[in-house]
Number of protein chains: 2
Amino acid sequence: MFSLSEENYLKAIFHLERKYQAGVSTNALSEEMDTKASSVTDMVKKLSEKKLVKYKKYQGVKLSEKGRNAAVEVIRKHRLWEVFLVEKLNFNWDEVHEIAEQLEHIKSEKLTRELDRFLEHPSRDPHGDPIPDAEGNFSVSNKLLLSELEKGQEGICVGVKDSSSDFLRYLDKNKISLGKSILVKDKEPFDESMLVEIDGEKLRISNTISANLYIKI
Amino acid sequence: MFSLSEENYLKAIFHLERKYQAGVSTNALSEEMDTKASSVTDMVKKLSEKKLVKYKKYQGVKLSEKGRNAAVEVIRKHRLWEVFLVEKLNFNWDEVHEIAEQLEHIKSEKLTRELDRFLEHPSRDPHGDPIPDAEGNFSVSNKLLLSELEKGQEGICVGVKDSSSDFLRYLDKNKISLGKSILVKDKEPFDESMLVEIDGEKLRISNTISANLYIKI
DNA sequence: TCCTATTTTTAGTCTTATCTAAATTTAATT
DNA sequence: AATTAAATTTAGATAAGACTAAAAATAGGA
Ligand SMILES: [Mn+2]
Ligand SMILES: [Mn+2]
Ligand SMILES: [Mn+2]
Ligand SMILES: [Mn+2]
């Protein structure tokens with residue numbers, strides 16, 4: 001249906017729309033895609049001709065209904081494969097993204113459907129991100145960032161905002177994983193660093209860390 | 001490492017070398033790849049520059065050691081994925097080839113290794129073809145075609161030569177599957193058709209069928 | 001409003017993998 | 001050995017997706 005490159009652009013536009021709730025700029029897209037702005041313009045024109053995005057010169061792009069569906073389908077596959085790699089193939093959560101970037105482009109509706117069944121219809125991927133169902137519906141949850149909590153508040157770790165290997169391995173090293181309860185023992189006003197308690201262990205974390213951990217109260 | 005197209009050419013050369021035990025001709029390769037001969041020449045030159053094949057103008061190609069290793073790795077992945085699709089995802093053996101054609105190009109050594117472990121190191125794919133191990137060793141078996149059997153001989157069905165959907169569905173329809181015992185009750189000299197017995201049921205099959213079923217005595 | 005910095009688009013190239021048409025080489029047949 | 005047929009290679013073109021450099025549009029500040 002769509003080329004690998006087209007799918008990657010659609011996915012990037014989808015993520016950027018969520019992030020900035022506005023038309024996605026050429027530069028933002030070129031940064032996300034790690035390409036030059038001129039390449040983005042070319043592709044955006046093509047996507048526009050295919051009615052996957054709404055595009056007006058100099059005004060950025062928005063996904064059309066058709067484009068959004070395509071993007072969500074790719075995201076669904078990406079996250080299902082991540083679950084597969086972690087749950088069935090012994091991968092760590094910091095190792096799966098790159099491979100899922102490849103697997104998300106495999107074309108077969110039955111494959112996606114059966115993978116979903118095989119994994120028992122997971123609702124979240126290893127990083128806590130929601131997996132859209134076959135109709136494209138995401139389950140929304142009112143999570144917030146750990147950095148938004150105040151001293152004395154407690155919550156469950158439910159996801160990561162950044163899912164770079166470096167961050168995920170930091171979490172592993174400090175025994176922070178999804179599902180764990182985190183209590184804010186203290187918060188330093190000067191640098192926003194926090195003293196938190198996890199499994200009875202105290203740990204000091206910088207704002208860079210706390211601003212990338214999603215919590216549910 | 002190698003592009004999707006390069007991998008497909010290497011795989012095709014590998015299969016054709018097995019088939020004709022000789023240098024692979026440009027035309028044979030263009031037929032196998034479903035491209036024009038001129039495209040083959042271009043690609044073969046590229047593979048030759050990369051030392052993946054030995055090529056002399058007008059003399060056909062042979063895989064180098066390096067090329068053979070790459071081809072076998074792709075075949076290993078193809079067959080492991082086919083096993084996965086059938087064993088874990090409820091696919092029928094006639095539905096897996098196309099998807100495996102996509103999956104075989106996913107790049108991750110760990111993925112292949114873990115998939116192999118997850119499937120408990122299968123030695124054959126759903127069509128009875130051997131799965132090379134991580135070092136590229138194939139298990140050889142002295143199978144022969146059903147068409148080579150004489151009246152009165154019996155054997156176990158161990159593989160298919162043709163694995164088109166049409167043929168595999170014919171086999172399903174007639175309850176012929178790998179592992180089944182087949183007895184040749186009669187063989188018609190004129191058209192080489194056979195009367196065979198499977199699970200106590202008699203069935204008449206044409207030479208086109210019997211020449212595509214591998215048997216082990 | 002005007003000027004400048006930034007953003008975006010256009011124009012022209014490049015690479016990969018294809019194709020068609022033409023030229024060349026090899027193989028087969030007289 | 002000469003001729004013809006078949007196989008193979010070369011030459012030139014195309015499409016996708018990327019790039020660089022230059023032009024054009026927009027936005028923000030004086
Ligand atoms: Mn990911
Ligand atoms: Mn993820
Ligand atoms: Mn196959
Ligand atoms: Mn197979």
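Predicted model: local features only at pLDDT ≥ 70, side-chain atom pairs only at ≥ 80, totals over all residues.

Trainee: Start with chain B. Which residues are the protein donors of the manganese ion (ligand 4)?
Mentor: B:E82 through OE, B:D125 through OD and B:H127 through ND1. They lie 2.1 to 2.3 Å from the ion.

Trainee: How are those donor residues spaced in sequence?
Mentor: The pattern for ligand 4 is E-x42-D-x1-H. B:E82 sits in helix α4 of chain B, residues 65-87, and B:H127 in the loop between α6 (109-118) and β3 (144-145), so the pair ties together parts 45 residues apart in sequence.

Trainee: And how far is ligand 4 from the manganese ion (ligand 3)?
Mentor: The two ions are 3.4 Å apart. B:E82 coordinates both.

Trainee: Is B:E82 buried or exposed?
Mentor: Buried. The cut-off is under 20% relative accessible area, and B:E82 has 1% relative accessibility, so it counts as buried. B:H127 is at 2%, so it is buried too.

Trainee: Stay on B:H127. What does its side chain pair with?
Mentor: A polar contact of 3.1 Å joins the side chains of B:H127 and B:E82. A polar atom of the B:H127 side chain also lies 2.8 Å from the backbone oxygen of B:W93.

Trainee: Which residues does B:H127 touch, leaving out those up to four places away in sequence?
Mentor: B:E82 and B:W93 are among them. The list also has B:V96, B:V158, B:G159, B:V160, B:S163, B:L168 and B:L178.

Trainee: Over to chain A. What are the protein donors of the manganese ion (ligand 2)?
Mentor: A:E82 (OE), A:D125 (OD) and A:H127 (ND1), lying 2.1 to 2.3 Å from the ion. Along the chain, their spacing is E-x42-D-x1-H.

Trainee: Which residue bridges ligand 2 and the manganese ion (ligand 1)?
Mentor: A:E82. Those two ions lie 3.4 Å apart.

Trainee: Where do A:E82 and A:D125 sit in chain A?
Mentor: A:E82 is in helix α4, residues 65-87, and A:D125 is in the loop between α6 and β3. They are 43 residues apart, so this is a link between distant parts of the chain. A:E82 and A:D125 are both buried.

Trainee: New topic. How many residues does each chain bring to the contact?
Mentor: Chain A gives 21 residues and chain B gives 21 residues. About 1700 Å² is buried between the chains, and carbon and sulfur atoms give 67% of that.

Trainee: Which three residues supply 26% of the area that chain A buries against chain B?
Mentor: A:L89, A:Q102 and A:K110.

Trainee: How many salt bridges are found across the interface?
Mentor: Two. In one of them, A:K110 pairs with B:E95, and the closest N and O atoms are 3.0 Å apart. There are also eight residue pairs in polar contact across the interface.

Trainee: Which elements of chain A give two or more residues to the side that touches chain B?
Mentor: α4, α5 (97-103) and α6. α6(A) gives the most, with six residues.

Trainee: How do the residues on that side divide?
Mentor: 11 are nonpolar, four polar and six charged.

Trainee: Quick one on A:R79. Where is it found?
Mentor: In helix α4 of chain A. A:R79 has a relative accessible area of 11%, so it is buried.

Trainee: What does A:R79 touch, beyond residues up to four places away in sequence?
Mentor: A:H15, A:D125, A:D129, A:P130, A:I131 and A:F138.

Trainee: Last one, A:S147. Where is that?
Mentor: In the loop between β3 and β4 (154-160) of chain A. A:S147 is at 13% relative accessibility, so it counts as buried.

Trainee: Which residues does A:S147 touch, again leaving out those up to four places away in sequence?
Mentor: A:K187, A:M194, A:N207, A:S210 and A:A211.

Trainee: And how far apart are A:S147 and A:N90?
Mentor: 57 residues in sequence. In space, 31 Å, C-alpha to C-alpha.

Technical notes
Residues numbered from 1 in each chain as written. Chains lettered and ligands numbered in written order. Heavy atoms only, no water. Donors = N, O, S within 2.8 Å, 3.2 Å for Na, K, Ca; no water. Helix = DSSP H or I, 4+ residues; strand = E, 2+ residues; numbered from the N terminus. Buried < 20%, exposed > 50% of the residue type's maximum accessible area, 1.4 Å probe, protein only. Contact = heavy atoms within 4.5 Å. Buried area = accessible area lost by both parts, 1.4 Å probe. Salt bridge = Lys/Arg side-chain N within 4 Å of Asp/Glu carboxyl O. Polar contact = N/O pair within 3.5 Å; in protein donor to acceptor, adjacent residues only side chain to side chain. Nonpolar A, V, L, I, M, F, W, Y, C, P; charged D, E, K, R; others polar.
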